[in-house]
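Below is a short briefing on one protein chain. Please keep the sequence and the model open while reading.

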Amino acid sequence: RSLIGFFGLSGHSQLFVSLHVCLTGCLIVCVQSPLVDYFQRCLDMVKELFRTSHIEDGVTIGPYCVVGPNCHVGAGTTLDAHVVLVKNTTLGKRCRVSSGAVLGGDPQDFNYKGQPSFVRVGDDTQIREYVTVHRAVGENDETTVGERCMIMAYTHIAHDCKVGNEVILANNVQMAGFVEIGDNVFISGTCAIHQFVKIGRLTIIGGVSGTRQDIPPFAKTEGR
């Protein structure tokens, strides 16, 4: 959009102008700047991002966010500062992801060998600070979170988990792999859920509980 030239500036000035230009999409003319190659690589990465990812209208992205390859951010969604979408992650419409959350990271499973897998989050879901959601293990499989959920701070949703609609996971809920949670479940803070456990819809689990077996729908549980 504009042509900017700068000559004989200090290293700090060159760095500031180059960053400003990269972020605003302007054309850079650098003379004898050691940063040219670096920023060219950055621009190449940005081109690759826009080629593989899609951000819909009305999205707000805060400072220092990372939106990786093959990510889709639905209309009206907000990413607060320092959110990371690692790769292969889809966010629905009107979601809110708070600072420090990391979605779409590699599964913590020795069986994972780099095959493509995904994370999908439904519309109107809130994901609070420092939540982690990992991709599935199997090729083309998904880790899913439904619509209108509240995933509170420090919760971990492991690979291949399936979280239904209108689920509330309070602070620091820790889910192992392949857990399935039905619709309208409420899980209180600092609960741990063993791998492969299934929790039926409209269940309530009390705080600091360890869940090692399946729980039927409409149940209220607490403890181990």
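Ala192 sits in strand S23, which spans residues 192-193; helices (H or I, at least four residues) and strands (E, at least two) are DSSP runs, numbered from the N terminus. This is a predicted model, in which local features need pLDDT of at least 70 and side-chain atom pairs count only at pLDDT 80 or more, while totals for chains, interfaces and linings use all residues. Residues are numbered from 1 along each chain as its sequence is written, and side-chain values use heavy atoms, with hydrogens and water left out.

**Ala192**

- Ala192 counts as partly exposed, at 39% relative accessibility; buried means under 20% relative accessible area, exposed over 50%, and partly exposed in between (1.4 Å probe, protein chains only).
- Leaving aside neighbours within four places in sequence, Ala192 is in contact with Gln174, Ser209, Gly210 and Thr211, where contact means heavy atoms within 4.5 Å.
- The C-alpha atoms of Ala192 and Val208 are 7.5 Å apart in space, and the two residues are 16 apart in sequence.

**Overall composition**

- The secondary structure of the protein comes to 2 helices and 27 strands.
- Of its 224 residues, 41% count as buried.
- The accessible surface is about 12,200 Å², and 55% of that surface belongs to carbon and sulfur atoms; areas come from the Shrake-Rupley method with a 1.4 Å probe, and for residues only the protein chains shown count as cover.
- Among contacts between residues at least 6 apart in sequence, 23% join residues at least 24 apart.

**The parallel sheet**

- An open sheet is formed by 8 strands in the order S5-S8-S11-S14-S17-S20-S23-S26, with parallel pairing; two strands pair if DSSP finds at least two bridges between them.
- The edges are strand S5 (66-67) and strand S26 (210-211), and each has a single partner strand, so one side of each is left without a neighbour in the sheet.
- Strand S8 (residues 84-85) and strand S11 (residues 102-105) run parallel and are joined by 2 bridges.
- Across this pair, Val84 has Val102 as its bridge partner in S11, and Leu85 stands opposite Leu103.
- S11 is also joined to strand S14 (residues 132-134), in parallel, by 3 bridges, and there Leu103 has Val133 as its bridge partner.
- In a regular strand the side chains alternate between the two faces of the sheet.

**Nonpolar core**

- The largest nonpolar core has 40 residues, of which Leu85, Ile157, Leu169, Met175, Ile181, Ile187 and Ile193 touch the most other members; such a core is a set of buried Ala, Val, Leu, Ile, Met, Phe, Trp, Tyr and Cys residues joined through side-chain atoms within 4.5 Å.
- Apart from neighbours within four places in sequence, Ile187 is in contact with Ile168, Leu169, Ala170, Val173, Ile181, Ile193, Ile199 and Ile205.

**His156**

- His156 is located in strand S17 (residues 156-157).
- His156 is buried, because its relative accessible area is 13%.
- The side chains of His156 and Thr132 are joined by a polar contact of 2.7 Å; a polar contact is a pair of N or O atoms within 3.5 Å, and within protein one must be able to donate a hydrogen and the other to accept it, with residues adjacent in sequence counting only if both atoms are side-chain atoms.
- Beyond its neighbours within four places in sequence, His156 has contacts with Gln108, Thr132, His134, Val173, Gln174 and Met175.

**Thr125**

- Thr125 lies in the loop between strand S12 (118-121) and strand S13 (126-127).
- Its relative accessibility is 0%, so Thr125 counts as buried.
- A polar atom of the Thr125 side chain lies 2.7 Å from the backbone oxygen of Gly146, and the side chain of Thr125 also reaches the backbone nitrogen of Cys149 at 3.2 Å.
- Not counting residues up to four places away in sequence, Thr125 touches Cys95, Arg96, Val145, Gly146, Glu147, Arg148 and Cys149.

**Positive phi in loops**

- Arg94 is not a glycine, yet has a positive phi of about 60°.
- Arg94 is in the loop between strand S9 (89-91) and strand S10 (96-97) and is partly exposed, with a relative accessible area of 46%.
- Leu202, likewise not a glycine, has a positive phi near 60°.
- The loop between strand S24 (198-199) and strand S25 (204-205) holds Leu202, which counts as partly exposed at 39% relative accessibility.
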